[in-house]
Amino acid sequence: METGEVYSEWQKRSVKVHYVGARLGAWMNVNDAVLHAQKGDRIEISAGRYTESIIVNKEIEIVACEGETPDIVFRGTVLTIAGTERCFISGLEMIQNDRNKDCPCVSVVEGSPIITNCKFSSILVTGTAAPHLERNEITGSMTTSGIRLRGKSGGTFIHNQLYSHEFWCVDISNCGDTVFEDNSMWCPEPNPHKMERKGKGIMHIGTADTTAVEGETIKINRNLFNDYNKSTPKRVQDRTSVVVEDGCCNVLFTNNTFLSGCKGMTVMTSQLLVEDNTFSKLQNCGIVVDLGSPHITMNHFTECHGSAININAGSPIVDWNTVTGST
């Protein structure tokens, strides 16, 4: 099969490249190229539709040809990363045709893969995996959440767009170091003419299924939360954009912005710092405390109807917050 050599920005050196697509001398499917690739090789995929489930367990690059967007389609999981080494995935659109809620579009079990500039419906991170996701569009999961973190996994998630999911844009129940930074997450307003998913909310941080190690932290920083779902008075009253429950790692929730919705946050833990966030134009209130003693400090509440902070139970530390235009 035809091969070449290109410079890899990721590896900072020249690498061998394998081609996939309709061109002469190219592999006809991605898995054949993966099977024959050696550590450090690059696979370039031409535009087209490839019906297969890709399994990566070696340190390679899988990227779209420049200016092209190949579609990888499969009934189950489209991409599985199960190796302990790093790999680099970029420029792919991965389409899952299976509505089984336990079957993610992308599954990362081990390693620290880098996934950038891709479009897919959902990703499940388990085991000890710690991926880096950057500038992806994660949308349209009809039976689950956009990003799910489980076990001792972690990772870094920056500059991604997440919207239109059946449950949450992000569902965190892990005990590894995790960073969410500069992401845009939203639930679109229901439209009878479109298959938009209203979701339960935007982010859920819940009880980890393994014991957290002291010092491990979930950092939620500089993200944009926008919940347009306001279809009925009851749903407006009950709906919360971000839910933080007890039993997870220490959570640092800082410098985030809420632009619309019902309730900004519902808090049921003491392991939480809520600092320097902006809560604006929320129809019910900014923060509801139902349990624990979180520290809520230096936040800004603007035009939040009802109240800025509603303490139903627990003993939160509340100081240095500002409230303008709220009722």
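**Reading pockets, strands and rings**

Q: Which residues line the second largest pocket?
A: Arg42, Glu44, Val63, Ala64, Cys65, Glu66, Ser90 and Gly91 line the second largest pocket. On a 1 Å grid over the protein atoms alone, a pocket is an open set of points where a 1.4 Å probe fits, with protein on both sides within 12 Å along at least five of seven lines; lining residues have an atom within 4 Å of a point. Two elements give two or more residues to this lining: β3 (42–45) and β6 (61–64). Such strands are DSSP runs of E, at least two residues, numbered from the N terminus.

Q: What kind of model is this, and how are residues numbered?
A: It is a predicted model: local features need pLDDT of at least 70, side-chain atom pairs count only at pLDDT 80 or more, and totals for chains, interfaces and linings use all residues. Numbering runs from 1 along each chain as its sequence is written, and side-chain values use heavy atoms, leaving out hydrogens and water.

Q: How much space lies in the second largest pocket, and which classes line it?
A: A volume is the space filled by probe spheres set on grid points, joined across faces, edges and corners. Here that space is about 160 Å³. The lining has 3 nonpolar, 2 polar and 3 charged residues. Asp, Glu, Lys and Arg count as charged; Ala, Val, Leu, Ile, Met, Phe, Trp, Tyr, Cys and Pro as nonpolar; the others, Gly among them, as polar.

Q: What about the largest pocket: what is its volume, and how many residues line it?
A: Its volume is about 270 Å³. It is lined by 18 residues, and Ile95, Gln96, Ser121, Thr139 and Gly140 lie nearest its centre. Strands β10 (93–96) and β13 (119–120) each supply at least two lining residues. β10 gives the most, with 4 residues. By class, the lining of the largest pocket has 5 nonpolar, 9 polar and 4 charged residues.

Q: Which strands pair with β25?
A: Two strands pair if DSSP finds at least two bridges between them. β22 (residues 184–187) pairs with β25 (residues 224–227) in the parallel sense, over 4 bridges. Look for Trp186 opposite Asn226 in β25. β25 also pairs with β28 (residues 257–268), again parallel, over 3 bridges. There, Leu224 stands opposite Thr257 in β28.

Q: How many aromatic pairs does the structure hold?
A: Rings of Phe, Tyr and Trp (its six-membered ring) pair if their centres lie within 6.5 Å; planes under 30 degrees apart count as stacked, over 60 as edge-to-face and the rest as tilted. This structure holds 8 aromatic pairs. One of them joins Tyr163 and Trp186, stacked at 4.6 Å centre to centre with 5° between the planes. Tyr163 lies in β19 (residues 161–163) and Trp186 in β22, so the pair ties together parts 23 residues apart in sequence. Elsewhere, ring pairs link Phe225, Phe253, Phe258, Phe279 and Phe301 into a cluster.

Q: Is Tyr163 buried or exposed?
A: Buried means under 20% relative accessible area, exposed over 50%, partly exposed in between (1.4 Å probe, protein chains only). Tyr163 is buried at 17%.

Q: Where is Thr144 found, and what does its side chain contact?
A: Thr144 is found in the loop between β16 (137–139) and β17 (147–151). Thr144 is buried, at 5% relative accessible area. A polar contact is a pair of N or O atoms within 3.5 Å, one able to donate a hydrogen and the other to accept it; residues adjacent in sequence count only if both atoms are side-chain atoms. The Thr144 side chain makes one with the side chain of Arg148 (3.2 Å).
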